[in-house]
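Subject: Model handover and notes

Hello,

Please find the structure below. My notes come after it.

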Amino acid sequence: MIAIITGDIINSEEYRASEWMEVLKNYFLELGNSPADWEFYRGDEFQIRLPAERALKTAIAIKARIKTFKNLDVRMGIGLGDETYRGPKVSESNGTAYQRSGRTFERLKDEKVHLAISSGNARQDRTLNLILLLALDFMNDWSQVSAEIIVLLLKDPHAPQNRIAEELGIKQSAVSQRFKRARKDLVLSVLRHYNSTLKDLTQ
């Protein structure tokens with residue numbers, strides 16, 4: 001099972017593309033090679049191929065990076081499934097993961113939802129997407145400061161707070177407060193539930 005994330009940047013016209021795109025490109029380069037594993041197209045849309053177990057963490061990390069820019073957000077459809085053909089570009093490859101990602105992404109705009117998953121298992125998808133909908137209630141409202149600390153959390157969930165404080169140039173007590181406002185514990189709980197669900201899907 002692999003995962004495909006198809007997404008676009010909301011309010012991208014408020015910035016030069018090079019600003020937010022450079023941030024995402026640097027992150028995507030940590031995950032794979034372009035254009036076989038990821039690419040941008042039509043200005044502000046992107047697609048990335050990755051292992052299924054990294055899909056939701058990556059999607060949340062993308063959202064956090066984009067929300068470090070004021071007024072920007074991202075819409076993403078995650079498809080889980082197989083890959084029946086791998087072309088030289090991720091956009092030229094095919095399989096159920098690609099199809100589910102594309103279809104999920106296309107319906108997000110009409111539904112006014114920023115993140116959804118399709119695995120082909122209707123019961124598990126209903127539960128996962130309900131949890132994501134509830135999580136989006138606070139993730140969509142992340143401030144730039146909250147988004148910045150979630151980026152650091154997802155880079156290294158076990159990083160000590162004093163190291164994070166030093167990196168951000170703030171007091172250690174402020175790190176705890178920022179994590180609380182960003183709903184760190186809920187983010188990690190959502191990721192744990194996704195990983196548990198994924199084990200059921202792949203058995």
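Predicted model: local features only at pLDDT ≥ 70, side-chain atom pairs only at ≥ 80, totals over all residues.

Residues are numbered from 1 along each chain as its sequence is written, and side-chain values use heavy atoms, with hydrogens and water left out.

Sheet

Five strands form an open sheet in the order β2-β3-β1-β4-β5, with mixed pairing. Strands here are DSSP runs of E with at least two residues, helices are runs of H or I with at least four, and both are numbered from the N terminus. Two strands count as paired if DSSP finds at least two bridges between them. At the edges are β2 (38–41) and β5 (115–118), each of which pairs on one side only. Direction ignored, neighbouring strands are turned by 15° against each other on average.

On one side of the order, β2 and β3 are antiparallel and share four bridges, with W38 opposite I48 in β3. These two strands form a hairpin with three residues between them, and R42 in the turn has a positive phi of about 50°. Strands β4 (residues 73–81) and β5 run parallel and are joined by four bridges; the bridge partner of G79 is S118 in β5.

Helices on the sheet

Helix α3 (residues 96–111) packs on the sheet, where it touches β1, β3, β4 and β5, and its direction makes about 150° with that of β4. α2 lies across β1 (2–10), β3 (45–51), β4 and β5, and runs at about 170° to β4. Contact means heavy atoms within 4.5 Å. Axes are lines fitted to C-alpha atoms, for helices over the stretch in contact, and angles run from 0 to 180 degrees between N-to-C directions.

Backbone geometry

The S34 to P35 peptide bond is cis, with omega near 5°, and P35 is in the loop between α1 and β2. K112, in the loop between α3 and β5, is a residue other than glycine with a positive phi, near 55°. R183 is not a glycine either, and its phi is positive at about 65°; R183 is in the loop between α7 (172–182) and α8.

How accessible is K112? K112 is exposed, at 73% relative accessible area, whereas R183 is partly exposed at 38%. The classes are buried under 20% relative accessible area, exposed over 50% and partly exposed in between, with a 1.4 Å probe and protein chains only.

A buried aspartate

D8 is in strand β1 and is buried, with a relative accessible area of 5%. Leaving out residues up to four places away in sequence, D8 touches D44, E45, F46, D73, V74, R75, F105 and K109.

The largest pocket has a volume of about 310 Å³. Of its 19 lining residues, Y27, R54, K57, T58 and L154 are the closest to its centre. α1 (17–31), α2 (55–66), α5 (144–155) and α8 (184–202) each supply at least two residues of the lining. A pocket is an open set of points on a 1 Å grid over the protein atoms alone, where a 1.4 Å probe fits, with protein on both sides within 12 Å along at least five of seven lines; lining residues have an atom within 4 Å of a point. Points are joined across faces, edges and corners, and the volume is the space filled by probe spheres set on them.

Regards
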